[in-house]
Amino acid sequence: MRSFYHYMMRYRGNKKNNEEKQLAEWMFDDHSFPKQAKTYDEISSYLEWNAPFPSALSVFDQLYEKYKIEEE
């Protein structure tokens, strides 16, 4: 199973400037983001303290569900 960070890199460079792209670009630029993390708790804890925009946690929740389905 690849990390959530690697899963999210599919959203970088999207033509649509949506929240998924915003989150992926921020994760790429944030050198402290836990890039090897696979667990919900580890990533959500980091985002709770470092959320780049107000809806980042809800966007993460939605994308993490997709990640779990695709990576199982």
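This is a predicted model: local features need pLDDT of at least 70, side-chain atom pairs count only at pLDDT 80 or more; totals for chains, interfaces and linings use all residues.
Helix 4 comprises residues 56-71. At 1.5 Å a residue, its 16 residues should span 22 Å, and the end C-alpha atoms lie 21 Å apart, which agrees. The buried residues of this helix are A56, V59, F60, L63, Y64, Y67 and E71. Viewed down the axis of helix 4, these buried residues fall within an arc of 130°, so they line one face of the helix. Their cover includes helix 1 (4-8), helix 2 (19-29) and helix 3 (40-50).

Four salt bridges were found in a search of the whole structure. One of them joins E71 to R2, with the closest N and O atoms 2.6 Å apart. Since E71 belongs to helix 4 and R2 to the segment before helix 1, the pair ties together parts separated by 69 residues in sequence. E71 counts as buried at 16% relative accessibility, whereas R2, at 35%, counts as partly exposed.

A salt bridge is also formed by R10 and E70, whose closest N and O atoms are 3.0 Å apart. R10 lies in the loop between helix 1 and helix 2 and E70 in helix 4, so this pair ties together parts 60 residues apart in sequence. Both count as partly exposed, R10 at 39% relative accessibility and E70 at 43%. E25 and R12 meet in a further salt bridge, at 3.1 Å from N to O. E25 is in helix 2 and R12 in the loop between helix 1 and helix 2, 13 residues apart.

D30, in the loop between helix 2 and helix 3, is buried but has no salt bridge. The nearest side chain of opposite charge, K35, is 6.2 Å away. Leaving aside residues up to four places away in sequence, D30 touches K35 and Y46.

Notes: Residues are numbered from 1 along each chain as its sequence is written. Side-chain values use heavy atoms; hydrogens and water are left out. Helices (H or I, at least four residues) and strands (E, at least two) are DSSP runs, numbered from the N terminus. The expected span of a helix is 1.5 Å times one less than its number of residues. Buried means under 20% relative accessible area, exposed over 50%, partly exposed in between (1.4 Å probe, protein chains only). The arc is that of the directions from the helix axis to the C-beta atoms. Contact means heavy atoms within 4.5 Å. Lys and Arg count as positive and Asp and Glu as negative; His and the chain ends are not counted.
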